[in-house]
Amino acid sequence: MKRILAGLVAAAIGAFALTGAGGAVSANAQANSVKVNAGNGEPGYAVNAFLPDSITITTGTTVSWQFPWIEPHTITFGTVTATTKPSPSPATYDGTGVLTSDLTFGNPNGSVPPFEVKFTKAGSFKYSCEIHPFMTGTVTVVNSGNVDSQSTIDQRRTNNYVNRLGELKTIAAGLGAQGVSVTPMASGGNKYTLNIGPATRAGDDVMQFIPGAAKITAGDTVEWKALAPTPHTVTFGPLNPPPGPGFDPFAVPPSKPAAGYDGTGFVNSGIMTASPPGAPADPNEIKSFELKFTKAGTYQYYCILHADQAMVGQIMVEAAPPPPTRAPGPPNTGTGTESGATSWMLLAGVVLVAVVLGGGSVLAVRREGTR
Ligand SMILES: [Cu+2]
């Protein structure tokens with residue numbers, strides 16, 4: 001199952017890289033056809049659900065799964081094995097055996113052809129997405145009786161999507177409102193902790209680094225924490241070689257400069273995930289990634305898997321303040337100590353300013369002076 005999935009991923013990504021937004025939606029000549037969405041989303045948010053997740057149709061009806069968002073999905077009936085091959089669309093299904101689409105990356109411009117299945121026998125058929133374990137649906141096929149019209153399907157499709165998208169936005173806003181946690185590090189500088197992609201229990205994803213932009217000082221460290229089982233990366237710099245046919249984003253090796261990041265070169269966390277509580281511990285799981293920033297500048301980063309869903313971030317590194325130095329004083333004349341002379345000059349300057357500003361300030365300076 002893992003192997004075919006990896007193959008599907010690689011093949012689909014290859015195809016995606018080759019064809020991009022090309023290809024036309026195939027016309028569905030059948031009048032007796034209904035449309036359902038396989039996932040939906042917008043930049044920063046992926047709703048991983050069949051929308052709606054259950055429909056009732058008449059025998060002989062074709063269901064046309066649309067792919068309106070970039071997050072990839074499959075339409076899979078039955079249990080995929082190592083020898084299962086994706087079916088071309090349109091397909092027919094009588095409720096027996098395995099039927100699966102290829103792994104399909106959608107597109108909001110509607111350019112990705114739907115996966116169409118004609119149901120030839122009555123029954124209730126469960127299906128799922130191979131890469132989103134919570135993403136399941138049911139097609140109920142009846143010989144007679146009430147079935148869903150396209151308009152009732154559309155209504156449920158919209159309602160489900162709006163509700164789930166709203167939940168994602170609430171989660172993202174709540175996390176954003178918490179601000180960044182900053183802790184001093186024993187090795188010097190501060191550690192800023194950012195969050196990666198929270199998810200809902202239903203399996204929808206916030207495809208964001210939160211907050212998306214952070215301001216730190218050279219010498220500080222940023223820590224990214226995975227919050228969900230959904231895989232993500234923290235990556236600085238372009239992929240080399242650039243992704244082409246057969247590119248496997250899961251195979252890009254981790255890479256981190258030992259001396260910290262100075263804005264040059266390639267940095268990659270590797271695939272980061274956070275298993276849900278109660279799941280068996282995975283010693284290889286990368287739950288957090290730390291990177292020290294050594295040089296002032298503004299640095300963009302991204303998730304290799306979800307950059308095309310606007311999963312990008314920015315770290316603004318300000319120059320470290322110069323080490324404290326003494327205020328410039330008059331040339332050392334040799335009378336008294338240097339520091340004494342400097343203090344005197346400072347006090348004189350403050351009093352002068354205070355006099356210019358008015359009585360209140362003079363009082364303040366006097367109080368200062370009597371200490
Ligand atoms: Cu990601």
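I started with proline 249 and found it in the loop between strand 17 (235-236) and strand 18 (267-268). Strands here are DSSP runs of E, at least two residues long, and helices are runs of H or I, at least four, both numbered from the N terminus.

Before going on, I noted that this is a predicted model, where local features need pLDDT of at least 70, side-chain atom pairs count only at pLDDT 80 or more, and totals for chains, interfaces and linings use all residues. Residues are numbered from 1 along each chain as its sequence is written.

Next I checked what proline 249 touches. Leaving aside neighbours within four places in sequence, I listed Ile304 and Leu305 as its contacts (C-beta atoms, placed from the backbone, within 7 Å). I also looked at threonine 233: it sits 16 residues away along the chain, and the two C-alpha atoms are 9.4 Å apart.

I saw strand 3 run parallel to strand 10 (residues 132-142), joined by five bridges, with isoleucine 55 opposite valine 139.

My last stop was the other open sheet, six strands ordered 6-8-4-1-2-13, also with mixed pairing. There, strand 6 pairs with strand 8 (residues 115-119) in the parallel sense over three bridges, and tyrosine 93 faces phenylalanine 119.

Terms used:
Pairing = 2+ DSSP bridges. Contact = placed C-beta atoms within 7 Å.
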